[in-house]
Amino acid sequence: MRLNAAIKKDYSKFHREPCQFAAPPPGPFEPMDAFVLQAIARELDAALRGGRLEKAAQADPFTFVLTFSCRDRRARRLLLSGGLSHPRLHLTEGNPPAQAEPGDFLRSLRKHLAGCRLTRAAAGEWERVVQLSFERPGGDAYALLAEVMGRWSNLVLVEGKTGVILDALRLSTGEANPARPIERGAAYRLPPAQKKRAPDAIGEEEFLGLLAGAGSKNGDPDERARWLVRTFGGLSPAVAAEVAGRAGEDPRSLWEAFAWAVGCYRGGGFRPALLLDPQGAPAGLSALEVRALPPERVRPWPSMNEAADAFYRETAGGATLAAERAALAGRVRGHLRRTGRNLAAVEGDLRQAEEAEDCRLKGDLLLRHLEDAVEGAPSVQVEHGGERVEIALDPRFSPSENAQRYFRRYKKLKRLLGAGGRRRQALEGERAFLEELLYDAEEAEGPEALAGVLQALAEGGFGRREASPPKRKRGRAAAAPARPYRRFLSPGGWEIFVGKSALGNEALLRRVGRAGDTWLHAQGLPGSHVLLRAAGEPGEEALRQAAALAAFHSRGRHDSRVRVDCLPVERLRRPRGGRPGQVIFTGQRTLLASPEEGERLLKELREPDG
């Protein structure tokens, strides 16, 4: 990699060792290719140079947000991610919530970079590495390198004057990666070079000679794009497709399109855009003017950083939510497995406790037939109900002592039977509660819903309660907290309330439900509590609609029919020590409901703001 001149001057110790492999080319719609990163780095240099790093935060294990106080008195946030699914860096308007506990790499960033000024932002030439150079007023210098290279992505913090690695998001020893160790105290080496030609190190004649030697004379754009990616470093498939799409069949037209792209890269002639797939969803980024796609699939942006921020807000945001949803569901499943093991152990104890009556009987028989028992014998046979019953004896004890041992075991098993029955009931309630939370976690539609599951876990005794939100400053209006349930108005004049989560179900029971309301829930399935409020006795149409909503908001939403229990809300009872949303009831009426109808009603029923 030929570094930008400023980087080469400041950090000449950064070098590359020979390596047997090269980083793979980016995918068909790789968002952060060399062109995009070059455009982003130039914009970062213009916006952040001279800015003071005021704050460093960590949004998730791989994503960091650096807040700068810039010379124009504006605060700007730079997002860097070394995640394998969405590695990136760009300015962001968002302010993702920070992790409660900082990781090791964040601590290193704060220790070395807090209060430093950014002196340079530059991308390596034809590479996907961006270097942020920092200086402290005392003269200390540092470099933060963002290696945006798919599954080889990393963030590395380096001491500027020596080139020694201070820390990295992903550390690797010399044993694990002998070609390029990333470990504290080691010299930083640039990523291995791809065995390809630099696009700006070739002239027209040599280019046309290579093209002719490859046999790409038929002008097929796809074949030419593949040849460009194979031959030249820094050209992603998207850039190569754009270059090949601009050219005609004449090989010289391909050279002219190629030279145009190289000129844009060298001269900064970028046209930031967000690329869309045929369905209109974000599919990639481009720093070049795009003609290879229809105009409706290209959304221009005023800056590359803004385009990247918009792209990842729509794509990585969903991926982050999915990851958090999966992590929380995994946590709930862990509690479920533990509860299952405890329940299996209690069931085993209860099966053993069923021997209690047998112990009492053997103790009685042994006392009545002491004369038949021989001292030191392993057993004795006695008559009972016309049958011979064999009673095992411990030869160490007398027949009378053996009888007392049977009575003591009888009392112990009776106690175990009572306590085990109560424990089994508690564990079954615990399992039902966790199954509800697992459903909530898997169906969570946003951070608020995930936070609700975490709070319900804490209130249910499965972890620490989340820290209270900070108090709002005086004079600043506080946003009203979102309701944990939904309220619908039917044209028939009745209201239907649907809990969004275990906490929403609890809110319906404690704060919303009143005498005369009808409570509904999918039978034996995790899902939402539903309350139906009607003037007088609810009619069949109202019950049918409420039951359909209960069926749709349950684990059985993909079934054709779901059994839904319903009964007056005043007949519900809360179990002693019950967790959020748990109830006990009997005497319910059961309806067959259609989840498909519930989905349709969600679009038809009115949901008032208040």
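The structure holds 16 aromatic pairs. Here a pair means that ring centres of Phe, Tyr or Trp (for Trp, its six-membered ring) lie within 6.5 Å; planes under 30 degrees apart count as stacked, over 60 as edge-to-face and the rest as tilted. This is a predicted model, in which local features need pLDDT of at least 70 and side-chain atom pairs count only at pLDDT 80 or more, while totals for chains, interfaces and linings use all residues. Residues are numbered from 1 along each chain as its sequence is written, and side-chain values use heavy atoms, with hydrogens and water left out.

## Aromatic rings

Two of the pairs are set out in the table.

| Pair | Type | Centre to centre | Angle between planes |
|---|---|---|---|
| F64 and F105 | edge-to-face | 5.4 Å | 75° |
| W126 and Y265 | stacked | 3.9 Å | 15° |

F64 belongs to strand β2 (residues 63-69) and F105 to helix α3 (residues 104-113), so their pair ties together parts that are 41 residues apart in sequence. Helices (H or I, at least four residues) and strands (E, at least two) are DSSP runs, numbered from the N terminus. F64 and F105 are both buried. Buried means under 20% relative accessible area, exposed means over 50%, and partly exposed lies in between (1.4 Å probe, protein chains only).

Rings can take part in another arrangement, with a charge over the face. The cut-offs are that NZ of Lys or CZ of Arg is within 6 Å of the ring centre and within 35 degrees of the ring normal. R88 lies over the face of Y312, at 4.7 Å from the ring centre. The charged end of R557 is placed over the ring of F552, 4.2 Å from its centre.

## Helix α7

Helix α7 covers residues 251-267, which makes 17 residues. From its first C-alpha to its last, α7 reaches 24 Å, close to the 24 Å expected at 1.5 Å a residue; the expected span is 1.5 Å times one less than the number of residues. The buried residues of α7 are S253, L254, W255, A257, F258, A261, V262, C264 and Y265. The elements that cover them include α2 (34-48), α4 (204-213), α5 (221-231) and α6 (237-246). Contact here means heavy atoms within 4.5 Å. After α7 comes G268, which has a positive phi, near 75°.

## Strands and sheets

Two strands pair if DSSP finds at least two bridges between them. An open sheet is formed by 3 strands in the order β11-β10-β12, with antiparallel pairing. Its edge strands are β11 (282-286) and β12 (298-300), each of which pairs on one side only. From one strand to the next the twist averages 25°. Strand β10 (residues 273-276) pairs with β12 over 3 bridges, and L275 has V298 in β12 as its bridge partner. Helix α8 (residues 304-314) lies across β10, β11 and β12, and runs at about 160° to β11. Axes are lines fitted to C-alpha atoms, for helices over the stretch in contact, and angles run from 0 to 180 degrees between N-to-C directions.

Strand β8 (residues 154-159) runs antiparallel to strand β9 (residues 165-168), and 3 bridges join them. V156 stands opposite A168 in β9. β8 and β9 form a hairpin with 5 residues between them, and G163 in the turn has a positive phi of about 75°.

Strand β19 (residues 562-568) has 5 of its 7 residues buried, so it is largely enclosed by the rest of the structure. Strand β17 (residues 518-522) pairs with β19 in the antiparallel sense over 5 bridges, and the partner of L520 in β19 is C566. β19 is also joined by 5 bridges to strand β20 (residues 589-593), again antiparallel. There, C566 stands opposite R589.

## Residue S69

S69 is placed in strand β2. S69 is partly exposed, with a relative accessible area of 30%. Leaving aside neighbours within four places in sequence, S69 is in contact with G51, R52, E54 and R74. The C-alpha atoms of S69 and R117 are separated by 9.2 Å, although these residues are 48 apart along the chain.
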